[in-house]
Amino acid sequence: MEEPLVPLVPMSHTAHIRSHRKPRRNASSSIAVRAGVAGGILSTVAVAGASAQAVAAESVTQTLELPTLTADLATQAAQSADATQQMAADYQLQAERDAAAEAAAEQADKDLAKAKKEEARKKAAEEAERKAAAERASRDSTRTTLTTNSASTAPPASGSVETVIAFLEAQLGDAYVMGATGPNAWDCSSLVQAAFKQVGVSLPRVSQDQSMQGTDIPLSQIQRGDILYWGGKGSAYHVGVYLGGGKYLDAANPSKGVVIQDLSGYPASGAVRVL
């Protein structure tokens with residue numbers, strides 16, 4: 001069995017010189033160094049412990065103060081929330097007041113416009129009534145004059161037709177009402193009866209009988225003042241008075257009232273002459 005080889009370490013070329021060898025530390029020096037290191041470590045541990053106790057004490061103190069600080073912050077937050085809510089309520093109230101004021105102003109404008117419109121309507125109605133009253137007064141005056149003249153003297157035949165026509169024209173614009181006999185509303189036969197009464201000619205009340213009066217006249221020979229009728233003789237349903245020039249006057253119907261019309265638009269069935 002071979003012996004293990006021991007590695008050879010080359011020696012420094014200065015190792016044999018004493019001054020070049022590293023001095024060895026003695027045992028007491030190492031112990032002192034170790035004791036100093038241990039003492040430093042213990043001192044560090046002591047300082048660290050003291051510091052930890054101080055921090056712990058300070059933390060306790062701060063922790064004890066936290067509930068007070070938290071309560072103050074909660075109070076301030078509550079007060080701030082109340083103030084914000086009150087401000088919002090104030091804004092809402094002001095907005096409602098502004099809206100109410102605006103609505104009141106709009107309603108006032110509408111009421112004013114309505115009042116002006118109503119006033120204008122009343123004025124227009126009063127003006128229309130005034131004109132209608134003036135027209136009625138004028139017609140009544142004409143009727144009174146015609147009635148007085150016919151009662152005092154019997155006009156000549158040539159003047160009688162014009163008296164009848166004048167009375168009829170004075171009724172223009174009056175209303176048509178079935179069965180009415182004047183002075184402001186007529187039906188067709190009552191108007192013809194009243195017109196000829198102005199010159200002393202008494203006619204029956206209804207159109208059927210009026211078509212049977214006087215002398216029959218061909219439509220090609222009718223003259224001013226002749227009575228026109230529509231329907232059969234003795235069964236006529238409408239009458240009017242010829243004015244000449246292809247026109248006649250009658251109490252036409254409820255929509256027209258007393259008017260002058262063109263004979264060509266509504267040709268008569270026949271005619272009679274009573275003057």
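Good morning. Let me begin with conventions. Residues are numbered from 1 along each chain as its sequence is written, and side-chain values use heavy atoms, with hydrogens and water left out. Because the model is predicted, local features need a pLDDT of at least 70 and side-chain atom pairs count only at pLDDT 80 or more, while totals for chains, interfaces and linings use all residues.

I turn to confidence. pLDDT is the predictor's confidence in each residue, on a scale from 0 to 100. The protein chain averages 78, and 65% of its residues score at least 70. Over residues 27-33 the pLDDT is below 50, and this stretch has one contact in the model beyond near neighbours in sequence; a contact means heavy atoms within 4.5 Å. Residues 54-64 also stay under 50, with zero contacts beyond four places in sequence.

Next, the overall architecture. The protein chain contains four helices and eight strands. These elements are DSSP runs numbered from the N terminus, with helices being H or I of at least four residues and strands being E of at least two. Along the sequence the pattern reads α-α-β-β-α-α-β-β-β-β-β-β. Of the 275 residues, 23% count as buried; buried means under 20% relative accessible area, exposed means over 50%, and partly exposed lies in between, with a 1.4 Å probe and protein chains only. The accessible surface comes to about 18900 Å², of which 59% belongs to carbon and sulfur atoms; these areas come from the Shrake-Rupley method with a 1.4 Å probe, and for residues only the protein chains shown count as cover. Among the contacts with a separation of 6 or more, 55% are between residues 24 or more positions apart.

Six strands form an open sheet in the order β3-β8-β4-β5-β6-β7, with antiparallel pairing. Two strands are taken as paired if DSSP finds at least two bridges between them. β3 (215-217) and β7 (258-262) stand at the edges with a single partner strand each, so one side of each has no neighbour in the sheet. From one strand to the next the twist averages 35 degrees; the axes behind such angles are lines fitted to C-alpha atoms, for helices over the stretch in contact, and the angles run from 0 to 180 degrees between N-to-C directions.

Consider the pairings around β5. β4 and β5 are antiparallel over four bridges, and Tyr 229 stands opposite Val 239 in β5. Three bridges join β5 (residues 238-244) to β6 (residues 247-251); here Val 241 has Leu 249 as its bridge partner, and Gly 244 stands opposite Lys 247. The hairpin of β5 and β6 has two residues between the strands, and Gly 245 takes a positive phi near 65 degrees there. Six of the seven residues of β5 are buried.

β6 continues the sheet to β7 through five bridges, with Asp 250 and Val 259 as bridge partners. Their hairpin has six residues between the strands, and Gly 257 takes a positive phi near 75 degrees. Four of the five residues of β6 are buried, so this strand is largely enclosed by the rest of the structure.

Tyr 248 lies in β6. Is Tyr 248 buried or exposed? Its relative accessible area is 0%, so Tyr 248 counts as buried. Beyond four places in sequence, its contacts include Leu 228, Trp 230, Tyr 242 and Tyr 266. Tyr 248 and Val 259 are 11 residues apart in sequence and 8.6 Å apart in space, C-alpha to C-alpha.

Now the helix. α3 lies across β4 (227-230), β5, β6 and β7, running at about 50 degrees to β5. Eight of the 10 residues of α3 are buried, among them Cys 188, Leu 191, Val 192 and Phe 196.

Finally, where does Asp 187 lie? Asp 187 is in the loop between β2 (185-186) and α3 (188-197). Asp 187 counts as buried because its relative accessibility is 4%. Its side chain makes a polar contact of 2.9 Å with the side chain of Ser 190; such a contact is a pair of N or O atoms within 3.5 Å, where within protein one must be able to donate a hydrogen and the other to accept it, and residues adjacent in sequence count only if both atoms are side-chain atoms. A polar atom of the Asp 187 side chain also lies 3.0 Å from the backbone nitrogen of Gly 179. Further contacts of Asp 187 include Tyr 176, Arg 205 and Ala 251.

Thank you for your attention.
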